[in-house]
Amino acid sequence: MHIHRGNIVFTPTPQDFVTVEGGYLVVDGGTIVECVEELSDAHAGVPVTDHGDRLIIPGFTDAHVHASQLPITGLQCSTELIDWLHTLTFPQESGLHDPDYADAVYTQFVDALLRNGITGSVVMGTIHDTTGILVDKLAAAGLRGCVAKVSRDQNTPEDCRADTVQEIADSRRFIEDNLGKSPLVIPAIAPSVSMVCSRELMAGLAEQAAEFDIPCHMHLAENRTEVELTLKMYPDCADFVETYERAGLMKNANTVVAHAIHLTDREKQVIRDTGILIAHCPHSNLNLLSGVMKLAEYHDLGIRVGLGSDISAGHQLNMFSNIVAAIQSGAMNVLTERTSRPVLAAEAFYCATKGGGSFFGRTGSFEPGYAFDALIVDDSMWTRYKQMSLAQRIEKLIYCGDDRNVEHVYVEGRRLR
């Protein structure tokens, strides 16, 4: 058993922050036992790590990110999705067939996760076997992750797809090679998006997800043109979600769908009732002119939402920046009268911690039974000049923080840096 002392901040619900100034987190075997304001006699003799006036916050979960695209981050923004894919992204991904290049990119990616306090990530690789290198890197770093080898069999350049039978076989080999490598890193299937996958491929991958009890990770209703083209390709479907449903996907909560901007009421109901996680990617949605997701509405409907950087369509692994983007996107929805209320700071912070963390189980909060995945944050660059309440300090951190504030990172009680 071990105790961490500091200024504790977390969001067990999207409504508000819990703040405990100079509080204590009691941790046993990497799991939180309790969060208390004062220690009792029952804690006598338990070692204490005193973080002084530092903030202790839950580790971040990046609910949708493309590790292979890190080198092209910040390029060709304001290009719509389909043009962006063909002129920039597919050429970048094709280079990951080279194990040496994949090793270099994935090393840089995992280092960036650790530096930014992203303790859990839901990651898409490429169609190549080198995606297994990413699994190894995350496991070696001690980070939590879900890694999917992307699958495509149509409507993409030849070096970014495989024929259907081969792709199904490649996916199975990836799963078998990487399942059980680490208790913290799990493989997933990734029928990237209906537009680039045949129904046969999606159905084959859905069968693998059920057989191995692993997650599904795909894109959904990101761009209006994408939606229109997808429904032309699948004329027997009334909406985008049905293209996945008819292939046997969208059946359980062990699924992440990225973006989900342009949804019908039926699609929202399916996602809510199934408990599927939406990865909200506000930077990406604006950079590629895709749209503005209604986070406040989705929360009010009871839909589960995490926060994704969507590197490289998004330009920041810094999750503080992504939290702000979610708040500002919510403001845009209010100003254009698309939603009745704004997105609260606590609500966006919840998406980056407990909301996205729920994909991995009991992570992203400091409630009893949750994993001690935590960041020790130094905000003294601001507090030395102005006295602030703990609530003001977390607000300041959200709007002004970056990797320079992340001093230490813990996953399941183990300090990684």
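N405 touches I376, V377, D378, D379, M381, W382, L397 and C400, leaving aside residues up to four places away in sequence; contact here means heavy atoms within 4.5 Å. This is a predicted model, so local features need pLDDT of at least 70 and side-chain atom pairs count only at pLDDT 80 or more, while totals for chains, interfaces and linings use all residues. Numbering runs from 1 along each chain as its sequence is written, and side-chain values use heavy atoms, with hydrogens and water left out. N405 sits in the loop between α14 (390–400) and β14 (406–411), where helices (H or I, at least four residues) and strands (E, at least two) are DSSP runs numbered from the N terminus. With a relative accessible area of 1%, N405 is buried (buried is under 20%, exposed over 50%, partly exposed in between; 1.4 Å probe, protein chains only).

Next, helix α11. After α11 comes E337, whose phi is positive, near 60°.

As for the rings, F10, F366, F372 and Y410 make up one aromatic cluster. Rings of Phe, Tyr and Trp (its six-membered ring) pair if their centres lie within 6.5 Å, with planes under 30 degrees apart counted as stacked, over 60 as edge-to-face and the rest as tilted.
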